[in-house]
Amino acid sequence: QVQLVESGGGLVQAGGSLRLSCAASGNIFSINTMGWYRQAPGKQRDRVAIITSIGITQYADGVKGRFTISRGNTKNTVYLQMNSLEPEDTAVYYCKIEYTNTRMVRYDDWGQGTQVTVSS
């Protein structure tokens, strides 16, 4: 059993910033990749950014230069710093981890989602 606790969403004006956090705990041996995805109403869930265990990052084209993904010192926490937010960034943001549990079985798990609303 793995728990993902997300925080940091909210309402912000266009041009503002927010920082999302996601902390993973539970039956984890190692985390391979951590990432953020988002889903706007009526749309599919899209990848925003991911970071690997060795710090390699990838970003969706629409957020490059505005969003930064990072991992905390404990390596079980991932952050998404979002700057220059636009109304189009409005969505529910989900944390996802790809990990290996203590039985050496690989799993994916999702957080519960946090709402980000950007007003114009």
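The charged end of Arg45 sits over the ring of Trp110, 4.6 Å from its centre; here a charge sits over a ring if NZ of Lys or CZ of Arg is within 6 Å of the ring centre and within 35 degrees of the ring normal. A second case is Arg19, which lies over the face of Tyr79 at 4.0 Å from the ring centre.

Before I continue, a word on the basis of these values. This is a predicted model, in which local features need pLDDT of at least 70, side-chain atom pairs count only at pLDDT 80 or more, and totals for chains, interfaces and linings use all residues. Residues are numbered from 1 along each chain as its sequence is written, and side-chain values use heavy atoms, with hydrogens and water left out.

A pair of aromatic rings is described by the distance of the centres and the angle of the planes. A search of the whole structure finds three aromatic pairs. Rings of Phe, Tyr and Trp (its six-membered ring) pair if their centres lie within 6.5 Å; planes under 30 degrees apart count as stacked, over 60 as edge-to-face and the rest as tilted. Strands (E, at least two residues) and helices (H or I, at least four) are DSSP runs, numbered from the N terminus. Tyr37 is buried, with a relative accessible area of 13%, whereas Trp110 counts as partly exposed at 36%. Buried means under 20% relative accessible area, exposed over 50%, and partly exposed in between, with a 1.4 Å probe and protein chains only.

Next, the disulfide. Which cysteines does it join? The structure holds one disulfide, and its partners are Cys22 and Cys95, at 2.2 Å from S to S. The cut-off for a disulfide is a pair of cysteine sulfur atoms within 2.5 Å. The link of Cys22 and Cys95 is left-handed, with -75 degrees about the S-S bond. Cys22 lies in strand β3 (residues 18–26) and Cys95 in strand β9 (residues 91–100), so that distant parts of the chain, 73 residues apart, are linked. Cys22 is buried, at 0% relative accessible area, and Cys95 is buried, at 0%.

I now come to the nonpolar core. This term denotes a set of buried Ala, Val, Leu, Ile, Met, Phe, Trp, Tyr and Cys residues joined through side-chain atoms within 4.5 Å. The largest nonpolar core has 28 residues, and those touching the most other members are Trp36, Leu80, Met82, Tyr93 and Ile97. Among the elements that give two or more residues to this core are β1 (2–7), β5 (46–52), β8 (77–82) and β11 (114–119). Strand β9 gives the most to this core, with five residues.

Ile51 has its place in strand β5 and is buried, at 6% relative accessible area. Contact means heavy atoms within 4.5 Å. Not counting residues up to four places away in sequence, Ile51 touches residues including Met34, Ile69, Ser70 and Val78. Ile51 and Ser70 are 19 residues apart in sequence and 7.0 Å apart in space, C-alpha to C-alpha. Thr114, in strand β11, is buried as well, with a relative accessible area of 12%. With the residues up to four places away in sequence again not counted, Thr114 touches Glu6, Gly9, Leu20, Ala91, Val92 and Tyr93.

Finally, the salt bridges. How many does a search of the whole structure find? The search finds six, where a salt bridge is a side-chain nitrogen of Lys or Arg within 4 Å of a carboxyl oxygen of Asp or Glu. Asp89 forms one with Arg38, the closest N and O atoms being 2.9 Å apart. Asp89 lies in the loop between β8 and β9 and Arg38 in strand β4, so the pair ties together parts that are 51 residues apart in sequence. Asp89 also forms a salt bridge with Arg66, with the closest N and O atoms 2.8 Å apart. Here the partner, Arg66, is in the loop between β6 (57–59) and β7, 23 residues from Asp89. Both Asp89 and Arg66 are buried. Through shared partners, salt bridges join Arg38, Arg66, Glu86 and Asp89 into one network. Another salt bridge is that of Asp61 and Lys64, at 3.2 Å from N to O; Asp61 is exposed, with a relative accessible area of 65%.
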